[in-house]
Amino acid sequence: MSMIQVQVRRKSLEAQDIASFELVRPDGAPLPEFSAGSHIDVRLPDGMLRQYSLCNDDGDSRHYRIAVLRDAQSRGGSRAMHDAVGQGDLIEISPPRNHFPLVEAQRTLLFAGGIGVTPLLCMAQRLAKSGADFQLHYCVRTPDRTAFRDEIASSGFASRVGFHYDDGPADQRLDLASVLAGPGPDVHAYVCGPQGFIDHVTAAARLHGWSDEQLHVEYFQAAPLDSTGDGTFRVKVASSGNVYDVPAGRTVVQVLGEHGIDIPVSCEQGICGTCITGVLDGQCDHRDLYFTDEEKERNDRFTPCCSRAKSPLLVLDL
Ligand code: FES
């Protein structure tokens, strides 16, 4: 993946434990264009890659803005962004990718849980610009943890936003039953936030008759995989002809690594795409969140950090 060097033009504290970073090219040239819902990979000082949604106006690619929650549960990425990356620093990012694109709809509902507001804020700006009918429901623990609260409240689409605080009075809580009741055929919902929030909103939507095609979800941490049906399959390294067993509970990356074949990895969760490897034969069992459905369908590349095989043998382009 070709990376882009950018400079942190501004780092601001947006809310308790949430910092935003404005990124520009050091020479002032525009960055690649992006659409609402896009994310970038950011290379952290320790070399690892982390994914962050772009949360600025998608009509302006002179800069990108991301926001990062300091998360004590994380594997250190958010701490590094808060503590080791400052204004003026140069960092590397990937070009934007969009796994969470807006589709045209008669009406759009956006559900943000905490820091999950980032791609949805970009979508709200896009929908407001195009005069679309939409509503953003922003659920947060407390007002002081609400990133971009003032920006949203003073925006042109403020009347389309509901803030719902866990510590607030009952009448401002998100009433999912009434918001999701009776979905029309051309209504779409987008959900981003912690796993529990996503599960809660999507379960309620399905209960009210929403179809999978109407529900769009953005994950930045892979959902726990169900590995109960996993068995052993074999991988063949095309260049040497050597074949290796990959038992349940082990990944292709781990097995090949033991035999001196190192595949570079970063997230090891099927999110970043660092480990992508060509597949010459066999049927992939894609477990990643990186490829689009169409790309998965092609069956010519997979993410060996987490994906497996549906056929007894996969021939890898290594
Ligand atoms: S290492 Fe990130 S997708 Fe495999």
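Threonine 277 stands opposite phenylalanine 302 in β16. The strand β14 (residues 277-281) pairs with β16 in the antiparallel sense over 2 bridges, where pairing requires that DSSP finds at least two bridges between two strands. This is a predicted model, in which local features need pLDDT of at least 70 and side-chain atom pairs count only at pLDDT 80 or more, while totals for chains, interfaces and linings use all residues. Residues are numbered from 1 along each chain as its sequence is written.

**The sheet around β14**
- An open sheet is formed by 5 strands in the order β13-β12-β18-β14-β16, with mixed pairing.
- β13 (243-246) and β16 (301-302) are at the edges with a single partner strand each, so one side of each has no neighbour in the sheet.

**Chain overall**
- The chain has 7 helices and 18 strands; these are DSSP runs numbered from the N terminus, helices being H or I of at least four residues and strands E of at least two.
- For 318 residues, a compact globule would have a radius of gyration near 20 Å, and the 21 Å of the chain agrees with this. The radius is taken over C-alpha atoms, and the globule rule is 2.2 Å times the number of residues to the power 0.38.
- The C-alpha trace spans about 65 × 50 × 35 Å along its principal axes.
- Of the 318 residues, 36% are buried (20 or more other C-beta atoms within 10 Å of the residue's own, with C-beta atoms placed from the backbone).
- Among contacts with a separation of 6 or more, 67% join residues 24 or more positions apart; a contact means C-beta atoms, placed from the backbone, within 7 Å.

**Domains**
- The assignment gives domain 1 (4-93), domain 2 (107-218) and domain 3 (233-316), with bounds from an automatic or database domain assignment.
- The C-alpha centres of domain 2 and domain 3 are 36 Å apart.

**Helix α2**
- Helix α2 (residues 117-129) has 13 residues and should span 18 Å at 1.5 Å a residue, which agrees with the 18 Å between its end C-alpha atoms. The expected span is 1.5 Å times one less than the number of residues.
- In α2, 10 of the 13 residues are buried, and the helix is mostly covered.
- The buried residues of α2 include Val117, Leu120, Leu121, Cys122, Met123 and Leu127.
- Elements covering the buried residues of α2 include β4 (49-53), β5 (64-69), β7 (107-113), β8 (134-140), β10 (187-192) and β11 (215-218).
- Glycine 131, which follows α2, has a positive phi near 70 degrees.

Terms used: A residue is buried if 20 or more other C-beta atoms lie within 10 Å of its own, exposed if 12 or fewer, and partly exposed in between; C-beta atoms are placed from the backbone. Two residues are in contact if their C-beta atoms, placed from the backbone, lie within 7 Å.
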